[in-house]
Amino acid sequence: MSWKLLIDLHKSNNRQGPGSEEQTKMAITLSGLSAASETLQVADIGCGTGASTLVLAENLNAKIIAVDLFPEFLSVLTTNAEKQKLSKKIRTLPCSMDDLPFEEESLDAIWTEGAVYNMGFKKGVAYFKRFLKPGGILAASEITWLTQSRPDEIRSYWDKEYPQIATAADKIRVLEEEGFILKGYFPLPESCWIDNYYDPLRSGFDAFLGRHDTEETRSLIDREANEIALYEKYRDYYSYGFYIARKA
Ligand code: SAH
C-alpha cells in the first residue's frame with residue numbers, strides 16, 4: 001500500500017486514530033505536568049495532524065516538538081497552530097520515531113497517542129525512556145484488551161494486525177519492566193473511536209474512491225470498513241488504553 005494513498009485518506013480528518021480533547025486533558029491531569037513552573041520540553045511522537053499537540057500547547061507551559069514520519073500531516077498542524085495562535089509553542093519535526101535526534105535525558109515528557117504500535121509498545125517504551133529526564137513523563141495510548149477472554153474472530157484479527165495487543169495488566173508490566181512507575185491508566189470511551197475517528201473516516205470513503213478508483217484503493221477501503229465493522233461488533237472487548245508513567 002502506498003503511503004501517499006494512506007495520507008490522502010487520513011489527512012483531512014482531525015485525528016488519525018481514536019482519542020479526544022477531553023481524554024488528552026485527563027492524561028495531562030494524571031501526569032502532573034500542569035504544575036510545572038518552568039517551560040517544559042515535550043515531544044508528541046506520531047502526532048499526525050496534531051490533535052493532541054494542540055491540546056498540549058493550549059494547556060501546558062511547554063515547547064512541544066511535534067514528530068511524524070509524514071510532512072503532509074505536519075503541514076496541516078502548522079496551519080492549525082497558526083489559526084489557534086499556538087505556533088510559538090510548537091515546532092514540527094519530520095522523522096521516524098525510531099531514529100529521534102534528541103539528546104539523552106533532555107525531555108520532560110514524551111506524549112504519543114495511537115502511534116507507538118509502529119515500533120511496537122515494548123521497543124518504543126524502552127527507546128523513548130533514554131530521552132526523558134529522570135522523573136520525566138511518558139504518556140502513551142495503545143490498543144488494549146479490556147477483558148481476560150474474547151471471541152476467536154476478534155482475537156485472531158488483532159493477533160495478526162498487531163500481536164502486541166494485550167490487557168492493561170500486561171502493558172503496565174512492560175512499563176514497569178522498562179523502568180517506569182505508573183501514574184495512571186484509563187481506557188478511551190467509545191465516542192473516541194466512533195464519533196472522533198471512524199465516523200469522519202468513513203464519511204470520506206466515497207470522495208477518496210472518487211479521487212482514486214483502483215483495485216488497490218478499493219481493497220484499502222474494504223480493509224478499513226472491515227476494521228470498523230469489527231470494532232462495532234466487539235467494542236466491549238478492546239479499546240485504546242491511556243498509560244501515564246514516570247521514569248523511575
Ligand atoms: N497521534 C495522532 C495520529 C495517530 S495515527 C492521533 O491520535 O490522531 C499514527 C501516526 O503515526 C500517523 O500520523 C503516522 O504518520 C505516524 N507514523 C507512522 N509510522 C511512523 C514512524 N515510523 N515514525 C513517526 N511517525 C510515524
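About 190 Å³ of space lies in the second largest pocket of this predicted model, where a pocket is, on a 1 Å grid over the protein atoms alone, an open set of points at which a 1.4 Å probe fits, with protein on both sides within 12 Å along at least five of seven lines. Its volume is the space filled by probe spheres set on the points, which are joined across faces, edges and corners. Lining residues, those with an atom within 4 Å of a point, include Asn14, Arg15, Glu58 and Asn196 in this pocket. Helix α3 gives the most to this lining, with five residues; helices here are DSSP runs of H or I with at least four residues, strands are runs of E with at least two, and both are numbered from the N terminus. By class, the lining of the second largest pocket holds three nonpolar, five polar and three charged residues, with Ala, Val, Leu, Ile, Met, Phe, Trp, Tyr, Cys and Pro counted as nonpolar, Asp, Glu, Lys and Arg as charged, and the others, Gly among them, as polar.

The model is a predicted one, in which local features need pLDDT of at least 70 and side-chain atom pairs count only at pLDDT 80 or more, whereas totals for chains, interfaces and linings use all residues. Residues are numbered from 1 along each chain as its sequence is written, and side-chain values use heavy atoms, with hydrogens and water left out.

The largest pocket has a volume of about 1,300 Å³ and is lined by 45 residues, of which Gln16, Gly114, Tyr117, Asn118 and Tyr197 lie nearest its centre. Helix α10 gives the most to this lining, with five residues, and the lining divides into 24 nonpolar, eleven polar and ten charged residues.

A backbone N or O atom of methionine 97 lies 2.8 Å from a nitrogen atom of the ligand, while an oxygen atom of the ligand is 3.5 Å from an N or O atom in the side chain of asparagine 118.

Threonine 112 belongs to strand β4 (residues 107-113) and is buried (under 20% relative accessible area, with a 1.4 Å probe and protein chains only), its own value being 0%. The side chain of threonine 112 reaches the backbone oxygen of isoleucine 45 at 3.0 Å.

Technical notes
Buried < 20%, exposed > 50% of the residue type's maximum accessible area, 1.4 Å probe, protein only. Polar contact = N/O pair within 3.5 Å; in protein donor to acceptor, adjacent residues only side chain to side chain.
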